[in-house]
Amino acid sequence: VMEDLTITLTPPSYTGLNPVVQKGNQADISGLIGSKVQISLRSNRPLKKGSLIINENSIPMKLRGKNGQGEFIINEDGQFSIQLMDVRGISNRNPIPFFITAIHDLMPDITVYQPEKIYELGSDQTIPIHLQIEDDFGFSQLQVAYEIHRPAYIAVDPLLSLFTIPIDDPQAISQELIHIWQLYELGLMPEDEVHFHFELTDNDDISGPKKTVSSTFIARVPSLADLYETAENSEADFIEDMTSGVDEFQELKA
């Protein structure tokens, strides 16, 4: 008979969570995949043999007198039981089944506040970036993947490039990021377009880092015709404002 049973659940180190201790009268064990389950028990008689039976697989326990210890890693749902034999060869009857629930690490989430889906570049050729990122345990990397698309009359295939946006506190599970992307080094010309998206990766080093990819955004350089039209509109607006100002002055003078 087991007189005492303690179960210690230690989450993976990347989570930053502390171990949880529960007594043997709790028959359900829930833990993130990669969590370590440590079993410590004391029997009423000196032990000769002890095993953890996990989903029909047997793991030997370390024994010392009436005490036994064993451990395993949570990889999937299932159940386990503890089989003991004392020095007389007598086993424990009908071992209690413990049910295992494997919790999966969630995908990271990214919300883009800025820029807009189609963004027209100004003379400074910068793109303001404003993001909200969230994950259950933190992040490893945030990247921007982009391609430069030249006008159709320039037969050049776009090449994929990447750069990283720093995350000040990778362990903060919800945070806002603001960044100014300088594009002047790309040598963009009128009618060029930069097609880009964001790639956010979490810090799950057990199942492997998971990546969330945003939708595609387009930053475009106005064509010469667009620039000419803008200049004409600006000139027309200027003349209209001047005319309106003169009219107002004449009314005040009258």
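**View 1. Salt bridge between Glu3 and Arg42.** In this predicted model, Glu3 and Arg42 form a salt bridge (a side-chain nitrogen of Lys or Arg within 4 Å of a carboxyl oxygen of Asp or Glu), and their closest N and O atoms are 3.6 Å apart. The pair links distant parts of the chain, with Glu3 in strand β1 (residues 2–10) and Arg42 in strand β4 (residues 36–43), 39 residues apart. Strands here are DSSP runs of E with at least two residues, helices are runs of H or I with at least four, and both are numbered from the N terminus. Glu3 is partly exposed at 48% relative accessibility, and Arg42 is partly exposed at 35%. Buried means under 20% relative accessible area, exposed means over 50%, and partly exposed lies in between (1.4 Å probe, protein chains only). Residues are numbered from 1 along each chain as its sequence is written, local features need pLDDT of at least 70, and side-chain atom pairs count only at pLDDT 80 or more. Totals for chains, interfaces and linings use all residues, while side-chain values use heavy atoms, with hydrogens and water left out.

**View 2. Further salt bridges.** By the rule given above, the count comes to 9 salt bridges. In one of them, Asp86 and Arg88 have their closest N and O atoms 2.8 Å apart; Asp86 is buried, at 6% relative accessibility. In another, the side chains of Glu120 and Arg220 meet at 3.1 Å, N to O. This second pair links distant parts of the chain: Glu120 belongs to strand β12 (residues 118–120) and Arg220 to strand β19, 100 residues apart. Arg220 is partly exposed at 22% relative accessibility, and Glu120 is partly exposed at 48%.

**View 3. Antiparallel sheet containing β1 and β4.** Five strands form an open sheet in the order β2-β1-β4-β8-β7, with antiparallel pairing. Two strands pair if DSSP finds at least two bridges between them. The edges are β2 and β7 (62–64), each of which pairs on one side only. From one strand to the next the twist averages 15°, with axes taken as lines fitted to C-alpha atoms (for helices over the stretch in contact) and angles running from 0 to 180 degrees between N-to-C directions. Strands β1 and β2 are antiparallel over 4 bridges. Within β2, Gln22 is the bridge partner of Ile7.

**View 4. Mixed sheet containing β5 and β9.** A sheet of 5 strands, also open, runs β3-β10-β9-β5-β6 with mixed pairing. Its edge strands, β3 (28–32) and β6 (57–60), each pair on one side only. Neighbouring strands are turned by 25° against each other on average, direction ignored. Strand β5 (residues 47–54) pairs with strand β9 (residues 78–86) in the antiparallel sense over 7 bridges. Ser51 stands opposite Gln83 in β9.

**View 5. Nonpolar cores.** A nonpolar core is a set of buried Ala, Val, Leu, Ile, Met, Phe, Trp, Tyr and Cys residues joined through side-chain atoms within 4.5 Å. The largest one has 25 residues, and those with the most contacts inside it are Ile127, Leu142, Trp181, Val194, Phe196 and Phe198. Two or more residues each come from β13 (126–134), β14 (139–149), β16 (174–182), β17 (193–202) and β19 (217–220). Strand β14 gives the largest share, 5 residues. Beyond its neighbours within four places in sequence, Leu142 is in contact (heavy atoms within 4.5 Å) with residues including Ile110, Leu131, Phe163, Ile165, Leu177 and Leu200. A second, separate core of 20 residues includes Ile39, Leu47, Ile54 and Phe80.

View 6. Thr15 is found in the loop between β1 and β2 (20–23). It counts as buried because its relative accessibility is 8%. The C-alpha atoms of Thr15 and Phe137 are separated by 5.3 Å, although the two residues lie 122 residues apart along the chain.

**View 7. The whole chain, for orientation.** The protein chain has 1 helix and 19 strands. Of its 254 residues, 35% count as buried. Among contacts with a separation of 6 or more, 63% are between residues 24 or more positions apart.
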